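Biologist: Could you take me through the surroundings of the ligand in this model, and through the helix that belongs to them? I would like one connected account.

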Amino acid sequence: IADIKGGPDEGLNRVGQTVVVMGWVRTLRVQSSVTFLEVNDGSSLSNMQCVMNSDAEGYDQVESGLIATGASIWVQGTLVASQGSKQKVELKVEKVVVVGKSDPSYPIQKKRVSREFLRTKAHLRPRTNTFGAIARVRNALAYATHKFFQENGFVWISSPIITASDCEGAGEQFCVTTLIPSSREAADSPVDAIPNTKNGLIDWSQDFFGKPAFLTVSGQLNAETYATALSDVYTFGPTFRAENSNTSRHLAEFWMIEPELAFADLDDDMACATAYLQYVVRHVLDNCKEDMEFFNTWIEKGVIDRLNDVAEKDFVQLTYTDAIGLLLKAKKKFEFPVKWGCDLQSEHERYITEEAFKGCPEIKAFYMRQNDDGKTVAAMDMLVPRVGELIGGSQREERLDYLENRLDELKLSKESYWWYLDLRRYGSVPHAGFGLGFERLVQFATGIENIRDAIPFPRAPGSAEF
Ligand code: 4AD
Ligand code: MG
């Protein structure tokens, strides 16, 4: 349908041609002499209006109720200029075949349904305008991500999903445990095969990996190993965090893009993050015009202007100390009090991105490079309106002695990071990288309020259906 109606004259140049459309019935209007069907195939927001007289082959399926909202159909007909104001062309139906009928209980009828309701129907929500448009923009962002990095000489690396290390050291990992296959066969039921416990504790020696293993929170450490061999690399894959994710910006499973630049410092890292974001935003503005107009009308008025600003304007660079200064001077009362050394909360990020500029040392991870002041590290976050923290990145500690001291300080075991330390032992280089939460980017680009609507199948506490 996008192919037919997507051109500058919205299909008029194809009037007279015979075409076949395959898609799902959005609406059906039966009048005495004609029946109108709106068919959507997901290629764009545009439906094909199909006009059917009683002499069309297969018309009996209208009378028998087989052609109904939600049904999948195959329609053949001639493109004609439309009398209606909503479209330039429509399809005069010669033949229609119901491919899969739809039960009258189909939950997505024409009336508008809330996004909360649609989250309980995640298997059917891609058939709505909003979720179809989000899926296409998400796809465009993924394509533009690969395009940007490939055009700039980065190599894509698959980082593992199962790992023994906790990159962020925040203890937010999901544990992966299952019996080794031989013991599993001996178990009476699949449930008995899940963890092998001894006095209430998991017996790791009997477990699949022979030691605790987790779902990864970040592919960074693995990316670093490839960056210190292939130079610039990036990962793009799912990551997992068992954090309190009952907010509109947190998921338990989210996708992350993590470039890692060799022979690079924090300034190179920030320049890369800026260029990347501007590139993907421009790509979406240029290639998803119809979907962006839809978001601009129905989801966030002004989203297109906001994205144009990002694509064109310089980004404000603010040190942590200056950000704290700005918050201390703010007239606003924050729920979390501000002082130097505190972690910036969402409300602070929102103030900075949405009020201070219309336009942080947490307990910093062990891998961040110590600055000469001995107190701070070479780290950055990119904050954007509506989302807050979109990117977190840093220059990595490339000096073996500093890194070992830091592991000791945080009581992390040097033995388990032996391979990471090796990278500093053999041909270490200054290097830096960042992680961008892909669903936050989708939120940022579409204006959709809740991150659970930015991924096809959201995972959050208490919800792992579909
Ligand atoms: O700031 P974070 O924790 O940084 C890292 O993981 C580094 N290892 C990245 C790197 O330098 N290679 O996470 C990076 C980004 C955040 O800025 C945010 O956009 C996103 O990942 N993120 C989440 N997105 C959705 N749900 C969550 N629970 C997220 N936690 C982080
Ligand atoms: Mg962060």
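Modeller: The model is a predicted one, and its ligand 1 is surrounded by 25 residues, the closest of them being Ser218, Gln220, Gly392, Gly435 and Gly437. Four elements each supply at least two residues of this shell, namely strand E13 (253–262), strand E15 (388–395), strand E16 (431–437) and helix H14 (438–446), and the largest share, 6 residues, comes from E15. By class, the shell around ligand 1 holds 8 nonpolar, 10 polar and 7 charged residues.

Of these elements, helix H14 deserves a separate look: 9 of its 9 residues are buried, so H14 is largely enclosed by the rest of the structure. The buried residues include the charged pair Glu439 and Arg440 as well as Phe438, Leu441, Val442 and Phe444. After H14 comes Gly447, with a positive phi near 85°.

As for the packed helices, H10 (residues 320–329) and H11 (residues 346–356) meet at an angle of about 80°, and their axes are 11 Å apart; the two helices are therefore roughly perpendicular to each other. On the H10 side the contact is made by Ala323, Leu326 and Leu327, while H11 brings His348, Tyr351, Ile352 and Ala356. This contact of H10 with H11 consists of 6 nonpolar residues and 1 polar residue, with no charged residues.

Note on methods
Residues are numbered from 1 along each chain as its sequence is written. Chains are lettered from A and ligands numbered from 1 in the order in which they are written. This is a predicted model: local features need pLDDT of at least 70, side-chain atom pairs count only at pLDDT 80 or more; totals for chains, interfaces and linings use all residues. A residue is near a molecule or strand if its C-beta atom, placed from the backbone, lies within 6 Å of it. Axes are lines fitted to C-alpha atoms, for helices over the stretch in contact, and angles run from 0 to 180 degrees between N-to-C directions. Angles under 35 degrees count as roughly parallel, over 145 as roughly antiparallel, 65 to 115 as roughly perpendicular and the rest as oblique. Two residues are in contact if their C-beta atoms, placed from the backbone, lie within 7 Å. A residue is buried if 20 or more other C-beta atoms lie within 10 Å of its own, exposed if 12 or fewer, and partly exposed in between; C-beta atoms are placed from the backbone.
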